[in-house]
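Please look over the sequence and the model below before reading on.

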2 protein chains.
Amino acid sequence: MALIVYSGGLDSTVLLHLLKSKNEATEALIVDYGQKHKKEIDFAIKNCQNLNVPYNVADLSTITHLFGNSSLTNKNEEIPTGNYNDSNMKSTVVPNRNMIMISVATARAIAIGTNVVAYAAHSGDHAIYPDCRNEFTNALDSVLRVCHYDEITLYRPFIDLNKSQIVKLGAELGVDFKQTWSCYKGEDLHCGKCGTCMERRQAFQEANIPDPTIYQQ
Amino acid sequence: MALIVYSGGLDSTVLLHLLKSKNEATEALIVDYGQKHKKEIDFAIKNCQNLNVPYNVADLSTITHLFGNSSLTNKNEEIPTGNYNDSNMKSTVVPNRNMIMISVATARAIAIGTNVVAYAAHSGDHAIYPDCRNEFTNALDSVLRVCHYDEITLYRPFIDLNKSQIVKLGAELGVDFKQTWSCYKGEDLHCGKCGTCMERRQAFQEANIPDPTIYQQ
């Protein structure tokens, strides 16, 4: 049984379905870290409700001001357009966000007696996000194993997959991709121009799976 | 320069003075994790102000309900009296608290460009608190080194000291121990009967240093 860190994005929605298909989704932790828009969170809540997975929304918006100038959380910073490989995409890093989310998820796992924390980091994230890399998730797994009386493990089945492989898996699992949100901007439609939109679109193309997302451009 | 996780308790106050004596205290992070009383936090703020150390109070009281039945945060759970070696003291464990605090401190360190996070765990804490043990802090240090572009390290100079050695060090550094708070109960005076009060009193006795604390018993 696993406590899943769940954003409502494509990757973690596929992970949620994967856990559900194995009857291993104990509870989801949805984190409001002060991201500028709440569309991901809305989708996350809806998907948990549809799949009958209990969930909590952890409100960490109270500490967003500590995170500095990330363009995902700071109203004065504009979200960049372009590919993840572009250096301007670094402004989308929220410092140590994944460690914070996994720490809280682990606390919750301990509280409810679950010994697996599941997390959907994948290989495509690694270029600009240090806290998605194997060396990070391996080290984090080592911490979870000793943070409490009993071992907890970090389940990260996508760590060596790219996003198109996750799309393929999601299609096999019957995921309704329309019910997932990637775009950093959070307008009515996916913008199609920010790093995560470009990656999303490319993943469907590479997987040769119809992309149900409507992009502005 | 170091970002210190600072509670207002005896140990972290000595650490704050130690950093200050070396001119290495960049900023303090004081965490409100929903502990039942705010006396520690009040002392922490006062001490930062007196030492001219910038500080933030991270309000995590929004997620306390996720932590379950810890007697430090859950109003329905009574704080036990007795020695830390007593099994009933386990109710004072707040699941994964230290990892959460250090995760947030690390985010803040990244945001302000500091590459050391300082933390006052000591050897006396180890019996019932897994997240104060060497294996935990060593693993955590390994995570911090890879959580961002540049290495961050976890400075834990007290990890092999007991509390009486910390008291001795504090006395050498001129710490006013009256301006620190240990008691889990948070009444007008230290109760003298909870695990942390008993440890505090014993530490002064072993260090052969006058204890300025007024205990109820």
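Which residues does B:P54 touch, not counting residues up to four places away in sequence? This model is predicted, and in it B:P54 touches B:T26, B:E27 and B:A28. B:P54 is found in the loop between α2 (39–51) and β3 (55–59) of chain B. With a relative accessible area of 43%, B:P54 counts as partly exposed, because that class lies between 20% and 50%. B:M198 is 144 residues from B:P54 along the chain, and their C-alpha atoms are separated by 32 Å.

Next come two helices of chain A. Of the 16 residues of α3(A), 13 are buried, so this helix is largely enclosed by the rest of the structure. At 1.5 Å a residue, α3(A) should span 22 Å, and the 23 Å between its end C-alpha atoms agrees with that. A:G113 follows α3(A) and has a positive phi, near 75 degrees.

Helix α4 of chain A covers residues 134–144, and its buried residues include A:F136, A:L140 and A:L144. The buried residues of α4(A) pack against elements of both chains, as the table shows.

| Chain | Elements packed against by the buried residues of α4(A) |
|---|---|
| A | α3 (97–112), β4 (116–118), β5 (153–155) |
| B | α3 (97–112), α4 (134–144) |

The last topic is the largest pocket. This pocket holds about 290 Å³ of space. Its lining has 19 residues, and those nearest its centre are A:P95, B:I110, B:A111, B:G113 and B:H148. By class, eight lining residues are nonpolar, eight are polar and three are charged.

Definitions and conventions. Residues numbered from 1 in each chain as written. Chains lettered and ligands numbered in written order. Predicted model: local features only at pLDDT ≥ 70, side-chain atom pairs only at ≥ 80, totals over all residues. Heavy atoms only, no water. 1 Å grid on protein atoms, 1.4 Å probe; cavity = no way out; pocket = protein on both sides within 12 Å on 5 of 7 lines; lining within 4 Å. Points joined across faces, edges and corners; volume = space filled by probe spheres on them. Nonpolar A, V, L, I, M, F, W, Y, C, P; charged D, E, K, R; others polar. Buried < 20%, exposed > 50% of the residue type's maximum accessible area, 1.4 Å probe, protein only. Helix = DSSP H or I, 4+ residues; strand = E, 2+ residues; numbered from the N terminus. Contact = heavy atoms within 4.5 Å. Expected span 1.5 Å × (residues − 1).
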